[in-house]
Amino acid sequence: MKNQITSVVLFILCLTSVTTVYTRPISIEQIESDINYLASDAMKGRGNFSPEIAIAADYIAQRFKGIGLKAPEQYPDYKQTFKLHLLKSEDVSLKLNETSFTADDLLGFTKNESLTISDQTDTKITTVGLGDDFRAAISSANSAGGNHLILVHPTHKQMFSRYQNFMKSGRPMLDVKADGALIAVLTDITDVKSMSGSITMNISSTIVSNVIGVIPGKSNEQIIFSAHYDHLGALGDDIYNGADDNASGVTAVLGLAQYYATKAQPERTLLFIGFGAEEEGILGSEYYTRTIDADTVVAMINMEMVGTESAFGAGKIWMTGSDRSDLRDLMNQSLDEAQHIEADPYAKFNLFYRSDNASLARLGVPAHSFSSTEIDKIDHYHKPNDDIAVININSLYQSTLLLAKATESLANGAVTPARVEPIAARARGKIY
């Protein structure tokens, strides 16, 4: 009941704090207000399976409305909703050659609520011996689909335990379409004369939203400004506020929406999107790409962790995947040398693939993330100390202004980045 009361109070505060229609460009006061709200302890880290994620979506939607953005025709409340499923391995049993095993020696996963294997089921048996690669064997089974029994030599106990915890903690998915099952067991048995086993799963579902606001342009070509608004939620007494990751990005999107709402009608249609379920595997933007014609998207400007001062100074930002398109060069044409957008200094971290831009880049869109974080030095990434204390408000404000200036030529149709070679879609397993 306490959580319900808290959620109601937060929702009322959300509505009362964003009813004003703003008519002036980006302000540092509004930047501070937005990030303080989204990263507050009351939001409990905006976990995708928490009540607070819906409150965060309501806040963004009401801010879009207050700024004067249009709701998409098909989403009159600004929200593109989708189902997010969480699958946890709950119970696994197995008997081989009349030998039964305890839970400590078993792991299993399936997209069915329950499933059994036996001598009568079509089950592939794989043996992982002393010098074999357990990770490769389990990955191969996942890629192939179907039913699998993997006999694992006890020397692989450490890696085996990691996979146990992985499957018990839960796998988030957009689609729950059963395609087989996997049971692995720590055992010296290599000759299976008889078998019977079962898996019971805990499958829960929730509704998550991508929040979308529109400034209609003179053409149907689109520029997307985006950031994910979800984070890791709360664990025990620890709240993972996600101030930098990624309340800062959402705050920048709201600032850019405010900026363009005060301008004349742009040549291109501008979409401002808060994606859900990024922390669950970039699933919100993946769902979004299923519903659009990517050929109409000229570019995607995705904000990811822009709340701290970068290695290049306050208000300076860099772009992931700098060598993958000419987008940075075109944006820098609107900037002087002192404030230009830097190339990605952290290529070894593969950050281009680790945010929502990757979903659009897979479709050939020049789509990149823009960040200020010193990813090789920060100590708050995915930790409870990523709270408002790490944020440099002035730097966040200056970075938002920089992006506003850098994107005007895109919005007004003066420049057009070249389409890019679609990157390969990330392979998702058939079982887990």
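Met-305 is found in the loop between β14 (297-303) and β15 (318-319). This is a predicted model. In it, Met-305 has a phi near 60°, a positive value in a residue other than glycine. Met-305 is also buried, with a relative accessible area of 4%.

**Backbone geometry**

- Most residues other than glycine have a negative phi, and most peptide bonds are trans.
- Asn-350 is another non-glycine residue with positive phi, here near 55°.
- The position of Asn-350 is in the loop between β16 (342-343) and α9 (357-361).
- Asn-350 has 45% relative accessibility, so it counts as partly exposed.
- Met-305, by contrast, is buried at 4%.
- The peptide bond joining Asp-245 and Asn-246 is cis, with omega about 5°.
- Asn-246 belongs to helix α6, which covers residues 243-261.

**The open sheet**

- Four strands form an open sheet in the order β3-β8-β6-β5. The pairing in this sheet is mixed.
- Strands of a sheet pair through backbone hydrogen bonds, either parallel or antiparallel.
- The edge strands are β3 (106-110) and β5 (123-128). Each has a single partner strand, so one side of each is left without a neighbour in the sheet.
- From one strand to the next, the twist averages 15°.
- Strand β6 spans residues 146-152 and runs parallel to β5. The two strands are joined by 6 bridges.
- Val-152 in β6 has Val-128 standing opposite.

**Helices across the sheet**

- Helix α4 (residues 134-144) lies across β3, β5, β6 and β8 (180-186).
- The direction of α4 is at about 170° to β6.
- Helix α5 (residues 157-169) lies across β3, β6 and β8.
- The direction of α5 is at about 40° to β3.

**The α2-α10 pair**

- Helix α2 (residues 28-38) packs with helix α10 (residues 393-411) at an angle of about 115°. Their axes are 10 Å apart.
- The two helices are therefore roughly perpendicular to each other.
- The crossing of α2 past α10 is right-handed.
- On the α2 side, the contact involves Ile-28, Ile-31, Glu-32 and Ile-35.
- On the α10 side, the residues are Ile-393, Asn-394, Leu-396, Tyr-397 and Thr-400.
- By class, the contact residues divide into 6 nonpolar, 2 polar and 1 charged.

**Buried loop residues**

- Ser-27 sits in the loop between α1 (2-17) and α2.
- Relative accessibility of Ser-27 is 8%, so this residue counts as buried.
- Ser-27 and Ile-60 are 33 residues apart along the chain. Their C-alpha atoms are separated by 17 Å.
- Gly-145 lies in the loop between α4 and β6.
- Relative accessibility of Gly-145 is 10%, so this residue too counts as buried.
- Leaving aside residues up to four places away in sequence, Gly-145 touches Asp-179, Lys-430 and Ile-431.
- Gly-145 and Val-214 are 69 residues apart in sequence.

Key:
Residues numbered from 1 in each chain as written. Predicted model: local features only at pLDDT ≥ 70, side-chain atom pairs only at ≥ 80, totals over all residues. Heavy atoms only, no water. Axes fitted to C-alpha atoms, helices over the stretch in contact; angles between N-to-C directions. Parallel < 35°, antiparallel > 145°, perpendicular 65-115°, else oblique. Left-handed = near helix turned anticlockwise from the far one by under 90°. Contact = heavy atoms within 4.5 Å. Nonpolar A, V, L, I, M, F, W, Y, C, P; charged D, E, K, R; others polar. Pairing = 2+ DSSP bridges. Buried < 20%, exposed > 50% of the residue type's maximum accessible area, 1.4 Å probe, protein only.
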